[in-house]
Amino acid sequence: EMSEMSERSKKNVAHGLAWSYYIGYLKIVLPRVKKAMEEFSRANPNVPACKETWKLHILVPLSCDVYDDLEKADTNIQYLTDLTETILTRAGTKKRVYKHSLYTIKDEDKLWSCAVEYATPLQSLYAMSQDECAALSREDRLEQAKLFYRTLEEILKGSKECAGTYRLIAYQESSEAEAHSLSREILWHLQQQRWEEYTVREENQPHNPSTALSSTELDLQISDSYLPQPLRSDGF
C-alpha cells in the first residue's frame, strides 16, 4: 500500500532518476573528465586553458526544457570538438561509447572553453508531463526537477570518485525570452570557479565576481510531501 501511494503521488520519481543517472552514467564518466581535458589541452595548445574549469558542467533547467543542440539554445555557445571517448562493455552492449562535447562560450571579446551538457533525465520528466498516462502536472514536474537537483547534489557530494570533476548549473528560466541567458548562466559559473580557486590561494581576495548573476540564486525549497519516502513502513 505504501509503495502504491508513493507511485501515485510521484514521490520517488526524481529520487530514482537521480540515482540512476549517477550509477549508470556519472560514476562512470566523471572520474575520466580531467584526463580527457588534459589530453585535449596538450593536443591543442592554441586553445586557452583554465584548469579550474576542467570539469563536466551539467545543466539543470528547472523547467526540464532540454535542447538537443546547445548552439540553437544560445548562439554564444559554439561546438568545438569531442573529448576522448570512454569505451566499455556494459549490460550486454559491446564497446558502449561515452563521450562529452567541448564548447566555446563567448564573453564579449573573450572565449571560454568547457565541457557542458544537460542532465538527460530531465527529458524523461518533461516527457512524463506531456503523457496523459503519467499524470504529471506542470507543478509536479517543477517539484520533481527541484528534488532531482537536490538529490543529485547530495549523491555527488558523497562520492569520492567524482570529487572536483563536475559543476551543477541549476537555473530557473526567465519568463521573458532572452537570447543569451544560458551562456550568461554558464559564464557566471566559469568565472566563479576561477574566483573560488583564486581565493583558496589568496584568502584576502574578494570572493564574489562583479559579474555574478542574480538569476543563479534559485529557490530550491521542496514541500515535505515530495521528499523520498521508504516503500515499506517496517524499514525494509
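Colleague: Why is helix H2 called roughly antiparallel to helix H5?

Modeller: In this predicted model, H2 (residues 13-29) and H5 (residues 121-130) pack at an angle of about 150°, with their axes 10 Å apart. Angles over 145 degrees count as roughly antiparallel (under 35 roughly parallel, 65 to 115 roughly perpendicular, the rest oblique), and therefore H2 is roughly antiparallel to H5.

Colleague: Which residues make the contact of H2 with H5?

Modeller: Val-13, Leu-17 and Tyr-21 of H2 meet Pro-121, Leu-125 and Met-128 of H5, where contact means heavy atoms within 4.5 Å.

Colleague: What makes H2 and helix H6 oblique to each other?

Modeller: The axes of H2 and H6 (residues 138-157) come within 8 Å and cross at roughly 40°, and H2 and H6 are therefore oblique to each other. H2 passes H6 in a right-handed crossing, and residues including Trp-19 and Tyr-22 in H2 meet residues including Phe-148 and Ile-155 in H6.

Colleague: How do you know that the buried residues of helix H3 line one face?

Modeller: In H3 (residues 33-43), Val-33, Ala-36, Met-37, Phe-40 and Ser-41 are buried, a word for under 20% relative accessible area, with exposed meaning over 50% and partly exposed in between (1.4 Å probe, protein chains only). Seen down the axis of H3, these buried residues fall within an arc of 135°, so they line one face of the helix. On the other side of H3, Lys-35, Arg-42 and Ala-43 are exposed.

Colleague: What do the buried residues of H3 pack against?

Modeller: They pack against H2 and the strands E1 (56-61), E2 (77-82) and E5 (101-107).

Technical notes
Residues numbered from 1 in each chain as written. Predicted model: local features only at pLDDT ≥ 70, side-chain atom pairs only at ≥ 80, totals over all residues. Heavy atoms only, no water. Axes fitted to C-alpha atoms, helices over the stretch in contact; angles between N-to-C directions. Helix = DSSP H or I, 4+ residues; strand = E, 2+ residues; numbered from the N terminus. Arc of directions from axis to C-beta. Left-handed = near helix turned anticlockwise from the far one by under 90°.
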